[in-house]
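Here are a few notes to read alongside the model. Keep the viewer open and find each place as you go.

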Amino acid sequence: MKNFALKSLPCILSLFSLLNLSAQNNFKGKLIDLTSGKTISGATVQIDGSNRATTSDEEGLFEIAIPGESAAILIKHVSYQALTLEIKKPLKSGIEHIYLTARQVGLDEINIIASYISERTTPVAISNISQRTIEREMGSQEYPEIMKMVPGVYATKLGGGTGDARISIRGFQQENLGLLLNGVPVSSVENGLVYWSNWAGLGDATQAIQVQKGLGASKVALNSVGGTINIITKTTEAAKGGTLRHMFTSYGNQKTIFSISSGLSEKGFAVTFLGSRTRGPGYVDATHVDAWAWFISASKQINNKHLLVFTGMGSPERHGQRTYGLTKQEYSDFGIKYNPNWGMYKGKINSLSENFYHKPQLSLNHYWNISDKTHLASSAYLSFGYGGGKFSESYKSPSANTFRKSNQIDWDAIYNLNKTHNDSSRLADGSVVGGFSKIIQTNYLASHIWYGGLTNLTHELENGIKITAGLHARYFKSNLREEISDLLGGKYWIDEYAWSLAGIAGRQQIKTKGDIINVDNDARVDVISMFGQAEYSFGKMNLFLAGTVSGTRYQRFDRINYINNTASEKVSKAGFDVKSGISYQLNEQHNLYLNAGYYSKAPYYKFVFANFSNAVVQDIKNESIKSAELGYTFSSSKLNVNLNAYYTLWEDKSILSRENIQLEDNSQTRALIRGLDALHKGIELEMTGKINRSLSLGGILSVGDWRWRNDVIAELYNDNQELIDLTEVYVKDLKVGDAPQFQMGLFADATILKDWNLKVNWLYFGSLYANFDPAGRNNPDDRKQPYRIPDYSNIDLFLEYEFKIGQLKTIAGISCYNLSGKESITRGEDGKTHDLNSFRGFWTHGRTFSFTMAIKF
């Protein structure tokens, strides 16, 4: 027996040696969901180029033999993005943790229809904002503020109410920017504005934001003179799971967010839902908020050629507002939280300015891979909104805002006035009445419906040419009316139809709660556009030529100004744009690009019917925009640089005066300014450097020169749009206001002790001039620049800690906005003396904090 053991020993040692060698050739891994931290089972792990494969077990573990000195392993799972790893010997001992990113069903297809472009190949200046940045930095900021670290972008709060914000790009205000939501235009077709409070839950549902500056790369007809904000919402999560997040601020607002995904089933169906609730008193006095938000995305992969994705979202909300900026005296006496628009009434806050609205947005997208080279993406969408804002009216009395007590509105005095006054009034039928309200509160109600379709066909030819063509059509109709909401102690309201062209005309003058007064009109705007684009890639060069032709039809309906024929004539205007660009890749890291374009911009609805009546403005012309841009990009694993210079000439711009002008017969009109020219030019720089695995640094710079170029004649029309007077407007060489012409920023992003992350943003703003109404510049001796707002800087800080509660990945975060606490002016309106004494505006909030905890499951 002993001899047998001795003889067998070499064989046993050889066997152990082979087993050990085999173990050294095996790569061991554990697959983990990057978002939730859960292990991933059922993934296929294959040696690329061979049939050798295995699958991960219930704990996410796998083991696979590596042939030769190195090999590539391909990891696939139906719910996650595929991942390829290069494995080299000698292999590390132990188990390698491998993180997979959940796949977004239809995300690539949405990027196509939404004109979401590549930084490397498309000759357009762009900045991308990732989901990671949005989740970490949004906190208590308004949605546009998440873009404030983009050079050339200026985004701030306005009055302090939730959702009340404004954004500009390269000095162009937001009515001259394009806003796309998954490729669908969502800016108002009446005036181009974006009401951010209608999108209270958008930040939670956003996958990515791309800011395309200049004329951009959108294929639909847009009013994107300064740029296009391209928002991509989250699509259906292919991985099963969810998140529970709670956020509260240092001033009492709080928000709870819950999201859940079913995961992609074997039959190709998946659903993602997100809901949130926001409430609190607001930072500024009487700017309380109570808002819900919902988002749903459902997808069905019919087969490998057809995919359907339904997306719906909305945010029913109510929030208090501060409509007007503060004067220097108000700020000095009462501070930045002061709001003059409210007072106590029956034991509760009653405000002159409160907004409430709900605007669901629904879309159904179909993606068809006709062949390897031909793709068709189509979207049908529907949006309908209802809500409004508080207002007040007075009759035989000063306005509500003049009744003051402790520097707020004295609603009790107003109530007593309505209840006890002995005045009487004679109606048109000769009767004399008393007991009416002298001051009432109303709601300006705005409702709308729009629906449309967008289709986009792309075909790749054999010679490197890609052709894109498509069609977009939209129907839009809105209603605006003023409804009595509170008689404030009186018995009824007397409607004199003072603003009606028809006068009383036998209509009822005694009005009560719920009746319509002063305003009841509809806007109808129909748009159809066709677009085409050709791209040609050869060698290191990429060329593109794109064009859009659009037609817009306008009509107005008015039931206050007119008795019988309430419809205006139909007005049609055509528009077009043409854009071209070239990019040249010097090598793997350096790229140059040049683009230019011309845009003939059809007027907004408000310029077609300029004086609150159905009379059409005569000889209205399109505005024209000429733009050119030269850029350079550098990209490497350690450093990314984007540098560009732009030139935008805006000619024949139309502006309506903000205030009515008194005519000789005591009637009022608005001044219509046409033929204004403005030149916007500047340079922009964006840099990001990765110092090491734990530290990234970056910076931005924007230097602009934006000026009005000419003096013009403003035209005054009566209610029938008959020219009755002219007035000169002197704005030549005045600076364009409402955005800083110098902007500089730095940021640092550091991972500390593995589980901690710290991000610091610093921004400096200079050459910021107050906004002003050109129609008010009628004195040839007044060539003084608008009030220059003092330069200011701001620091925001974001700290996160990642840990686990049981097996659940948890992230706790704290955000500090305006770290220094310094109160600075951000925006405002210029006054007659063009200095602080006549200025009225908004200041930054003081130092504020938001605290967040998120649990992923």
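1. Let's begin with strand β12, residues 177–181, which is mostly covered, as five of its five residues are buried. Both of its faces are covered: Leu 177, Leu 179 and Leu 181 lie buried on one side, and Gly 178 and Leu 180 are buried on the other. Please keep in mind that this is a predicted model.

2. Which strands pair with β12? One partner is β15 (residues 227–233), which runs parallel to β12 over five bridges; here Leu 181 stands opposite Ile 231. Another is β13 (residues 184–185), paired in the antiparallel sense over two bridges, and there Leu 180 has Pro 185 as its bridge partner.

3. Now look at the turn of the hairpin formed by β12 and β13. Two residues sit between the strands, and Asn 182 takes a positive phi near 55 degrees.

4. Next, visit Thr 101, in the loop between β7 (96–100) and β8 (104–105). Thr 101 is partly exposed because its relative accessible area is 35%, between the 20% and 50% cut-offs. Beyond its neighbours within four places in sequence, Thr 101 contacts Leu 34, Tyr 80 and Gln 81.

5. Is Glu 535 buried or exposed? This residue of strand β37 (residues 516–538) counts as buried because its relative accessibility is 18%, and buried means under 20%. Its side chain makes a polar contact with the side chain of Gln 533 at 3.2 Å. Leaving out residues up to four places away in sequence, Glu 535 touches residues including Lys 466, Asn 542 and Phe 544.

Definitions and conventions: Residues numbered from 1 in each chain as written. Predicted model: local features only at pLDDT ≥ 70, side-chain atom pairs only at ≥ 80, totals over all residues. Heavy atoms only, no water. Helix = DSSP H or I, 4+ residues; strand = E, 2+ residues; numbered from the N terminus. Buried < 20%, exposed > 50% of the residue type's maximum accessible area, 1.4 Å probe, protein only. Polar contact = N/O pair within 3.5 Å; in protein donor to acceptor, adjacent residues only side chain to side chain. Contact = heavy atoms within 4.5 Å. Pairing = 2+ DSSP bridges.
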